Amino acid sequence: MQEKPKFYITTAIAYTSRKPHIGNSYEIVLTDAIARYKRMQGYDVYFLTGTDEHGQKIEEYAKEAGVSPKEYVDKVAGEIRGVCDALHISYDQFIRTTDEYHEKCVQKIFKKLYDQGDIYKSEYEGLYCTPCESFWTESQLDENGCCPDCHRPVQKAKEEAYFLKLSKYQKQLEEFIETHENFIYPEARKKEMLNNFIKPGLQDLCVSRTSFKWGIPVTFDDKHVIYVWLDALSNYITALGYDPDGSSEKYKKYWPADVHIIGKDIVRFHTIYWPIMLMALGEPLPKQVYGHPWLLFGEDKMSKSRGNVIYADDLIDVFGVDPVRYYLLSEMPHATDGSITYETMIERYNTDLANTIGNLVNRTVAMQNKYFGGVIQSADHKEALDEEISALALKTVADVDRCFNEYKISDSVEAILTLARRLNKYIDETMPWALAKSEETKPRLGTVLYNLLEGIRYLGILLTPYMPEAAASILKQLNTDVVSYDSLKEFGGIKVGASVGIATPLFARIDGEKLIEELTAQLKAKQEEAQKAEQPEIEHLPEITIDDVDKVELRVAEVLACEPIKKAKKLLKLTLDAGEKEPRTVASGIAKWYKPEDLVGKKVILVANLKPAKLCGVESCGMILAGDGKDDTVEVIFPSQELPNGARIC
């Protein structure tokens, strides 16, 4: 017996910071559909997913929750696995980076790279983003001085660390990417990696930390834990039994991976850090890395603070698992971000599933039972119209295959829908109910229904990767055992003389208006709850008396001039008219949020009796009042322009 071709496919492992929302769930459903499709084609598929469970962020979340990091990740990993199971994900292995075999192998990898000189000890001084577990240089920050990936504030960090020599392998990586056309997919991601990150020059990667403890210890230096990316990325080989001292047969069989399915935000880690790690280990590189776009809520990225987070299990409770899978796979474009709203979800459900597919199956099987007692007739009485149906069915198989190979999954859904729509039109064109009125046209009716049942058989098989339960129900109603992918090579697989099953509705129509009202109310409640949760507890200073208030002299002042202070990026030098004989100078740390031209001519509130202080060579005689805004912003308090300069604020 010929051995099946292997196909090793992985998702990025989910970070155990929070329960994943529906946007995160897109990736696992996409990967599952590809895995199911490849199994249908006869591949020996190995499908890996799992959880990434170490890092400073986890340590902080656990502390906030009052539990140990292990207790925290056990809970979240359970929720992540629960979401996978609720979505009927057919993974072969679920790895956790706290699994003992993984931790031991990562320690061996680290030691091997250190021993051969690819990892060395030094000191890191830079800007660190805790949510992304990433270090940045000042030139890499976004326009607001924040993390270029998540756009949240970074903190200065300086510590002893071990580094992986990315620079040593830069030329080798660049040549590999340029000679392996489909290694990074789609093409736009490849250009981004080469032009924005690799060709400008790679800096060596920090691969250990000393400022937290929740990580895999470095065996020969117990002050250090192994930094998250070397730990997390290794899961793709540790899961298969890779070992620097001798790998398992499973590893030898399935590695290299045929494709890593990942979000577009982590392409850099998978196409720069990961390949270089493998090059240093002397192991083959994965064949392909596909960076998919994001699923947004409307036009916004999902966020708990916005209160627009939708969870897969909540949607499953309302629509059922197959419609949720179908929506995720049909609505996400190939290379641009997709969108989910309750309105579009309901529209897709009613139009595509209830009407186009569900109604087609239900009325065809019902007509077969009504007119022929369920017995399938021969298709001998053909007309030219029938050739269109068989040709389109065969074309649909080819189109779906092409789309899967290019990861254009929403296009593959559209190809299947096109066949379903054509079958519905075929009913309108042939009018089976009219053919049933005469014995003379009954043979033609038998042929028409045969073509419809055979077309539906194609739909049932092709829909299996997207909606496994619904596809199984379609094939059960046809009562056919001809369900292999290979059977789609020729139109005419359904057996004459066999009997169909009972017509059973697949998808009941939804009252969209009523459901949107309910779901919108639930979302509004979530948003209000999120806003309350985000409202910080205000810590007040000790109480003071009116006498203390009288000690602070607040005056209205006009900004006459404003300029940056060369030696200090944060400071602006303001020249103020506070109604006095001479203007006074104030140095204010607002350069990150205001340009000089934003302030000239504006009235501000001056603390006029503050003791002068020298700041970066400028004598500052007072301070201006400002408030902390949202998302690390500062807003200067501007009084009415009608107030005269020098007016006392009391």
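User: Does Arg-421 count as buried, partly exposed or exposed, and at what relative accessibility?

Analyst: Happy to. Arg-421 counts as partly exposed because its relative accessibility is 36%; the classes are buried at under 20% relative accessible area, exposed at over 50%, and partly exposed in between, with a 1.4 Å probe and protein chains only. A word on the basis: this is a predicted model, in which local features need pLDDT of at least 70 and side-chain atom pairs count only at pLDDT 80 or more, while totals for chains, interfaces and linings use all residues. Residues are numbered from 1 along each chain as its sequence is written, and side-chain values use heavy atoms, with hydrogens and water left out.

Arg-421 forms a salt bridge with Glu-414, and their closest N and O atoms are 2.8 Å apart. The term stands for a side-chain nitrogen of Lys or Arg within 4 Å of a carboxyl oxygen of Asp or Glu. Glu-414 is also partly exposed, at 35% relative accessibility. By this rule the model has 39 salt bridges.

Glu-79 bridges to Lys-75, with the closest N and O atoms 3.1 Å apart. Because the two are four residues apart in helix 3 (residues 69–86), about one helical turn separates Glu-79 from Lys-75; helices (H or I, at least four residues) and strands (E, at least two) are DSSP runs, numbered from the N terminus. An α-helix has 3.6 residues a turn, so residues three or four places apart point the same way. Glu-79 is partly exposed, with a relative accessible area of 28%, whereas Lys-75 is exposed at 53%.

A further salt bridge joins Lys-121 to Asp-221, whose closest N and O atoms are 2.9 Å apart. This pair links distant parts of the chain, 100 residues apart: Lys-121 is in strand 5 (residues 119–129), and Asp-221 is in the loop between strand 11 (216–217) and strand 12 (225–226). Lys-121 is partly exposed at 41% relative accessibility, while Asp-221 is buried at 10%.

Salt bridges also link Lys-395, Asp-399, Arg-402, Glu-406 and Lys-408 in a network. Thr-396 is 92 residues from Leu-488 in sequence, yet their C-alpha atoms are 9.9 Å apart in space.

Helix 12 (residues 321–331) is mostly covered, with ten of its eleven residues buried. Among the buried residues of helix 12 are Asp-322, Arg-325, Tyr-326 and Leu-329.

On the surface, Ile-544, Ile-546 and Val-549 form a nonpolar patch with about 300 Å² of accessible area together. Patches are made of residues with over 30% relative accessible area and no salt bridge, with like charges joined within 9 Å and nonpolar side chains (Val, Leu, Ile, Met, Phe, Trp, Tyr) within 5 Å; the areas come from the Shrake-Rupley method with a 1.4 Å probe, and for residues only the protein chains shown count as cover. Val-549 belongs to helix 20 (residues 546–550) and is partly exposed, at 42% relative accessibility.
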